Amino acid sequence: MVQKVTVPDIGVVEFPDSMSPQEIVKALQSMQGVPVPRQPKTVTEKVLASPVGGVIRGLRDIPDAGAQLLTRGLEAVAPAGSSMEKFMQEERKRVEDINREAERAYQQDWRMGQMKPNEFDVGRAVGGALATAIPATTAVKALGLTTAPVRAGAVSGVVGGGLQPVLEPQDSFAAQKATQVGLGGAFGAGGGYLGDKITNLLFGRGTAPAVGGAGAGAPSSAQATVSATPTAQVTGGGINLGAVAPESGAALTAAQKAILERGKAMGFKTTPAQETGSRSLLQMEARMESSPFTSAPFNTIKTENQKVLNRATAQAIGVNSDELSNPVLAQAQRQISDVYKKVATPDVRKVDGMTFMNNIDLIDNAFEGLTTQPLKTNILVKQLQDLALKGEASGVQLQNLSSKIGKRAKNEMTTAMGDRELGSALFQLKEMVDDALSAGLSKAEQEAFATARNNYRNLMTIRTASGVVNPSSGNVSGLNLASALTRKDPQGFVFGSNQTPMYEAARFAQAFRPIVGDSGTATRSMEYSPLNMLLSMPTNLAARAYTSAPATSALARTAGGTGLMPNALEQTQVEALRKALPITGGLGLGGLLGP
């Protein structure tokens, strides 16, 4: 239940049933002077109740505050007890009464009581910024800070804050004015920094400003100038937070640039941080990818890149697929086996026994002491020696021996108790047998067999190395693939002699690693609800725009200092904006303080 009381000029007011009559009376008394919300009716009332009225009021705030400062200043310097002090006290009281009445008229007659307590008045802030633009610009020029954006913004904020009226000064005028000035300077410095950032983003980075102390001149020892190189860096001294310059180290190496171009040709996508090499952007992207509100575009890039990596690896083993699950791996194995079976003809061909025996000795010497048993004691090696001594063998014999050596080598490389050095030696012997098998084939058969052999080598690389392929998900680990290729084929991978798609995909994965792993921490930390899903829509759209190709290219240009629209304006216009935006930004953020 509620208690309803009709109040003149206000209407029906409801109070909780638990309130006593005395408490209701006190509440009604506290409502005295509260503006009564009304709806504007005439055109004039609608204009004054709109942000236009706020702009007009903001323009008046500055002379009101100036009159208040002047009368209080003269009162402070007047001799104590003199007629001048009494006169200035009366003038100061009259000015503050006028200001107070103007504020009441604005809230009740112009805005008609519709402004809520502590509500930000956009129109009034704009009017105040416009009114303080001339004195702020004059102060910045007088101090010679037109080329020091942060300090120019700070000075503008100080001027703007100092020219804000104090509506209820009483005994705290000095404290309130000091707060306005201090916060105005802090916000203004931020606005100056932001204005400088905007001009750099749009038009590129200009030459280094010559920043002095209180006036223009050569840079002080605490200031550094920007050099012409794209990796220049500037740090500021004193209250200057620093001029904006290209991030030190924010560049790709020559190898990364080459890998990036080849990777993009394959279909790989990059984020702005990966495109530019910027550590700062990388830190920001890590936060964005970790939040469900902004992670969707990054997850899309990661998914598409995974498909490109999977596809390149699948093609390397002779199949066309976006994933390497168990059925795909089995298909690749069958296709390779079918080619080997086709070349396994009963025709007897000559075998260069002397070359076979010499190669067996070379491999045996290379792995001597590394295997758990002498290589020549292996039964398959003995069978190979017998064929070498005989000097001839059929395609069936060579294919069967090649298959057995390959299976034994794979078992040695993949089982827990296997001898990996022995497996590596057996794989080299298998290459010898396959060379002999290829010798008696036609040109077309040799080409098909060479492709199958290469596919087999790649298949063994991804199957024998730990963690390269997850056959359940069908995904390839780019980093593990790069590690496996480094061990198996350093000449091809490390020194770049092999530039097939699988090798290039592994290089791209190694050069441009995932920003955030799939630990699931971000997902577990967010409670999903319809509201959260709704809130994530606009932020994910913004993140998608950030990661889009045009935005990525634009940020890559700005990382080099050229800007988004380097030739949109004349140089004189750009320089004027460089000087004006920090002041405007300082006044704009300073305007957040309000009266």
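**How the helices meet**

Q: Why are α8 and α20 called oblique to each other?
A: This is a predicted model, and in it helix α8 (residues 254–266) and helix α20 (residues 501–511) pack at an angle of about 125 degrees, with their axes 9 Å apart. Roughly perpendicular stops at 115 degrees and roughly antiparallel starts over 145, so an angle in between goes to the oblique class. Therefore α8 and α20 are oblique to each other.

Q: Which hand does the crossing of α8 and α20 have?
A: Left-handed.

Q: What makes up the contact of α8 with α20?
A: From α8 come Q256, I259, L260, R262, G263 and M266, and they meet P501, E504, A505, R507, F508 and A511 of α20. Sorted by type, the residues of this contact are seven nonpolar, two polar and three charged.

Q: How do you know whether L260 is buried or exposed?
A: Look at its relative accessible area, which is 4%. Buried means under 20%, so L260, at 4%, is buried. L260 lies in helix α8.

Q: What is L260 in contact with, leaving aside its neighbours within four places in sequence?
A: L252, T270, E275, F508 and F512. F508 is also one of the α20 residues in the contact with α8.

Q: How far apart are L260 and E504 in sequence and in space?
A: They sit 244 residues apart in sequence, yet their C-alpha atoms are 9.8 Å apart in space.

Q: Which residues of α3 and α5 meet?
A: P51, G54, V55, R57, G58, L59, D61 and I62 on the α3 side meet G123, R124, V126, G127, G128, L130, A131 and T132 on the α5 side. By type, that contact divides into seven nonpolar, six polar and three charged residues.

Q: Why is α15 called roughly antiparallel to α16?
A: Helix α15 (residues 395–414) and helix α16 (residues 420–439) have axes that come within 8 Å and cross at roughly 160 degrees. The cut-off for roughly antiparallel is over 145 degrees, so α15 counts as roughly antiparallel to α16. Their crossing is left-handed, and the contact holds eleven nonpolar, seven polar and six charged residues.

**The whole protein**

Q: How many helices and strands does the protein have?
A: There are 24 helices and six strands.

Q: What share of the residues counts as buried?
A: With the under 20% cut-off, 40% of the 595 residues are buried.

Q: What share of the contacts with a separation of 6 or more comes from residues 24 or more positions apart?
A: Such residues account for 66% of those contacts.

Definitions and conventions: Residues numbered from 1 in each chain as written. Predicted model: local features only at pLDDT ≥ 70, side-chain atom pairs only at ≥ 80, totals over all residues. Heavy atoms only, no water. Axes fitted to C-alpha atoms, helices over the stretch in contact; angles between N-to-C directions. Helix = DSSP H or I, 4+ residues; strand = E, 2+ residues; numbered from the N terminus. Parallel < 35°, antiparallel > 145°, perpendicular 65-115°, else oblique. Left-handed = near helix turned anticlockwise from the far one by under 90°. Nonpolar A, V, L, I, M, F, W, Y, C, P; charged D, E, K, R; others polar. Buried < 20%, exposed > 50% of the residue type's maximum accessible area, 1.4 Å probe, protein only. Contact = heavy atoms within 4.5 Å.
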